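Hello,

Here is the structure I promised to pass on to you. Please have a look at it first, and then read my notes below.

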Amino acid sequence: MTTALIAEDELLLAQTLQRELHTLWPDLQVLATAGDGLGAVQLALQHRPDVLFFDIRMPGQSGLEAAAELAEDWPDDTPFPLLVFVTAYDQYAIEAFEAQAMDYVLKPVRTERLAQTVSRLQQRLRMRRPRLAPNAAPDPMLEPVLSQLRALLSTPIEAPKPQPLLQLLQASQGNQLRMVPVAEVLRLEAADKYVRVFTQDGTEVLLRTPLKELMQRLDPQVFWQIHRGSVVRATAIESVTRDESGRLSLRLKGQAERLSVSRLYAHLFKAM
């Protein structure tokens, strides 16, 4: 039996989607529903469903962010779920998804369109390998998913407003406000509602701007995101190491700490 998980913060919409799916796909078992991205990730890792329906806009964590976190933590011995994103009608969002060949469903759910999605999912599931053997190579179908998620995460779902690259960061240090030149920033790390900024002289300060917003105004050729909560200056990378399981970690020049590189950003080190 095929299994699914629905992540949707509007209960009525979640119930409608589940009812429509039951009609169109009687053999599909919806194992659980979640009302936010964090809960969706936890339930997906617990149940390991075949298909995920993720609402784009959810409290705390978007559907895209939840899918990216899930891809980082997904076990190697299980094929990654097929993803369907649920979104309100917006031409910019639709173009973004169609460009990445990721399936999507518009709100309110239309039976005819959902039927197309169900047909595509059933066809892809017939082509997919079953459970992977222990110690097998990672699911070969995961890399295309990661590539699409990277593209969607770097492309705002709403039409962006052009903004210049930041040259200075206004950061808190104790009870003072410090102006930190971007040229002095070594790495950034998300921490609850803040971003910890580490400078080349060893100073640590705090920003109130979310890391996602900050990355939209930093030069992606200079600052590389290596994990959902970690960004480093590319020229400061001293070494990158791959462990026995294939996971990457790196060390910055003059720093003893090793920083994990997630699956989502391992493509930055293709030479390995």
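Let me begin with a charged pair: Arg 120 and Asp 103 form a salt bridge, with their closest N and O atoms 3.1 Å apart. By salt bridge I mean a side-chain nitrogen of Lys or Arg within 4 Å of a carboxyl oxygen of Asp or Glu. Arg 120 sits in helix H5 (residues 111-127) and Asp 103 in strand S5 (residues 103-107), so this pair ties together parts that are 17 residues apart in sequence. Helices (H or I, at least four residues) and strands (E, at least two) are DSSP runs, numbered from the N terminus. Asp 103 is buried, at 6% relative accessible area, while Arg 120 is partly exposed, at 39%. Here buried means under 20% relative accessible area, exposed means over 50%, and partly exposed lies in between (1.4 Å probe, protein chains only).

Before you go further, please note that this is a predicted model, in which local features need pLDDT of at least 70 and side-chain atom pairs count only at pLDDT 80 or more, whereas totals for chains, interfaces and linings use all residues. Residues are numbered from 1 along each chain as its sequence is written, and side-chain values use heavy atoms, with hydrogens and water left out.

The structure holds 18 salt bridges in total. In one of them, Arg 178 meets Asp 201 at 3.8 Å, N to O. Arg 178 belongs to strand S7 (residues 176-181) and Asp 201 to the loop between strand S9 (194-199) and strand S10 (204-207), so the pair ties together parts 23 residues apart in sequence. Asp 201 counts as exposed, at 54% relative accessibility. There is also a network of salt bridges that links Arg 187, Glu 189, Arg 196, Glu 204 and Glu 257.

**A sheet of three strands**

Strands S13, S14 and S15 make an open sheet in that order, with antiparallel pairing. Two strands pair if DSSP finds at least two bridges between them. At the edges are S13 (237-242) and S15 (258-261), each pairing on one side only. Four bridges join S14 (residues 248-252) to S15, and Ser 249 has Ser 260 in S15 as its bridge partner.

Arg 251 is in S14 and Glu 238 in S13, 13 residues apart. Both count as partly exposed, Arg 251 at 28% relative accessibility and Glu 238 at 44%.

**Helix H6**

H6 (residues 142-154) has 13 residues and reaches 18 Å from its first C-alpha to its last, close to the 18 Å expected at 1.5 Å a residue. That expected span is 1.5 Å times one less than the number of residues. Among its buried residues are Leu 142, Val 145, Leu 149 and Leu 152. An α-helix has 3.6 residues a turn, so residues three or four places apart point the same way.

Enjoy looking around, and do write back with any questions.

Best wishes
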